[in-house]
Amino acid sequence: MSETELLKDNNEVNLETDNIKEEYAYLDRGGFSSEKFKVEIRGLPKFYGIVELKKLMNQKLGLNASKIKRPKNGSHWLFACFQNDEDRSKAISALNGYSWKGKTLIAEEAKPAPDPLVKKRKRDEDSVNIKKKKEDENKSQEERLKDAVTPYWNIPYEEQLALKEKEVKNLLMKFDNEVWKIDKNKRNSIESKRKLYNGLSFELKPIQRSPITAGYRNKCEFTVGIDDDTGKPTVGFRLGSYVTGTVGVAPVGGLTHISDKMKQAVLLFQNFVRKSNMSPFSPADYSGYWRYLTVRESTHNGDIMLIVAMYPQDLTKDKLEELKRELIEHFSSEEAQACGVKSVYFEEITKKRSGEDGSKPIHLMGATHIVDTILGLQFRISPEAFFQINTAGANILYQSAIDLSNVNEKSTLIDICCGTGTIGLCFAKHVGKVLGVELVSEAVKDARYNAELNSIDNCSFFAGRAEDVLPSVLARATSDDVIAVVDPPRAGLHMRAVTQLRNTKKVSRLIYISCSPASAIKNFVDLSRPSSKTLRGAPFVPVQAVPVDMFPYTKHVELAVLFEREVRPSDGNEGDVDEKEVKTEENADIKKEENIVSLEENTQT
């Protein structure tokens, strides 16, 4: 069996497993299900009554059967349902081998039945998928690309918002049910609040729409590959994944969410690739050179930054230097300047060794940064820095976070995964102090520069993993009102960071901003679960959630959730982190900060 066939088989197995899990997902939701703790009883006598059997089980044998189900296809076997696993085990022990009316009963643990509604929906979806596959064969390449990249491209915007709002509510209900399941003490409170908030134990505000829906992306990473239709090297997006056997790249001219200037920049680089007579990189056999083009665009002044990435393969140093000179000449042309190209970087993708950082873009020409604005503030952006991809939507998202926070001039904001400092700096005029944490040191330099650029003097930013430097940063928060804002990558916060937030009692509120709510559910649950030896501090309780549509025409949505620390009469100092540990990590972090400052000074010199 080939590797492709093996991957295909594995994908089919995984898909089938996911389908089965969904059919039984109802078992993990809050509330009792008669299917969860079920016993199959066989060998029953020919003549008996359900009431008579239940009397035998509950009164004579002292069992706690809550329900008896008779199947449609037989009268000599049935199911008895119980409230928990202990009662079920007791019933099996008592009934298996028991003699009743001249018959010896057989009792065994029974598998739960799949959700009939989900099964029906799966059957309907299978027939729809077969039909869709046939329809795809008749679609143009452009339509297939739109389906892959912007699946809501042919759905009216109001309907897109309704679909996303429904999806967010379903995910939050899943989170709510998980908390209900793991914390018995909160069940009554959760159930009473659900009557107030339409099925949730906290308020879900209406989805906030994006101010613009066309050409809203300020950053895109385009793949260099071969267009299946023309057979030519093309800069665009993949029509599918390598696992599905698709490596073809399609042009992006028909995509709505990319601006015209960005499309022009893509065509400029595509012309260079085709003239270079160097093939695109092939993921099939790792041959070829050109890998991808990242384009960043300022919505403030239209400036374009390009990051060209390639595999050098066996190219000599002289050949690479010649290639860089050709790139500089190409993007210095009048056509490139008219397009708004102000900054060009070059990145050699090389196999990194264990413990080494990945390759970094090298500045070739023009400005080293571009500038954009959010809520009236200017922000300098470096090639690798995180910046919200929908600038107009970021205004809505950050203002929503400020409105949720209930901060004042005495509050301290801890901005975790702060990037170039956008959230913290937007909060700055509403709070007394901002402390930011970010993994990428270049982004931290940008954040510090952005504070100076906007004449903001109550913000400090620190480089390092949130889970490592958070204790020392939190130790700097001396206010009585400390609120944390987290805007982590798609995968969410590291569990160590969640633990630090839980165990530091001084953090009274938390705003969690997620670009992938489905991935964030685990963090939500860990923030809310009951206290334990690891999670010593009181749990956080969700209060309000606001979905913001940052990604029109796609299925993605941004979500901001406000959590408040649960207040308990017994709260003392057990939730605080160890002071010695904080002091040690604080000293280490100060040393890291001094090294960064030293590096900046050397670079300037």
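Are H14 and H15 roughly parallel or roughly antiparallel to each other?

Author: The model is predicted, with local features requiring pLDDT of at least 70 and side-chain atom pairs pLDDT 80 or more, while totals for chains, interfaces and linings use all residues. Residues are numbered from 1 along each chain as its sequence is written, and side-chain values use heavy atoms, without hydrogens and water.

Helix H14 (residues 466-475) and helix H15 (residues 495-503) cross at roughly 20°, and their axes come within 8 Å (axes fitted to C-alpha atoms over the stretch in contact; angles from 0 to 180 degrees between N-to-C directions; helices as DSSP runs of H or I, at least four residues, and strands as runs of E, at least two, numbered from the N terminus). H14 and H15 are therefore roughly parallel to each other (angles under 35 degrees). The crossing of H14 past H15 is right-handed (the near helix turned clockwise from the far one by less than a right angle). On the H14 side, Ala 466, Glu 467, Asp 468, Leu 470, Pro 471 and Leu 474 make the contact, and on the H15 side Arg 496, Ala 497, Gln 500 and Leu 501 (heavy atoms within 4.5 Å). The contact of H14 with H15 comprises six nonpolar, one polar and three charged residues (nonpolar: Ala, Val, Leu, Ile, Met, Phe, Trp, Tyr, Cys and Pro; charged: Asp, Glu, Lys and Arg; polar: the others, Gly among them).

H15 also packs against helix H16 (residues 517-528), at an angle of about 30° and with the axes 10 Å apart. H15 and H16 are therefore roughly parallel to each other, and their crossing is right-handed. Met 495, Val 498 and Arg 502 of H15 meet Lys 522, Asn 523, Asp 526, Leu 527 and Ser 528 of H16. By class, three residues of the contact of H15 with H16 are nonpolar, two polar and three charged.

How values were computed:
Angles under 35 degrees count as roughly parallel, over 145 as roughly antiparallel, 65 to 115 as roughly perpendicular and the rest as oblique.
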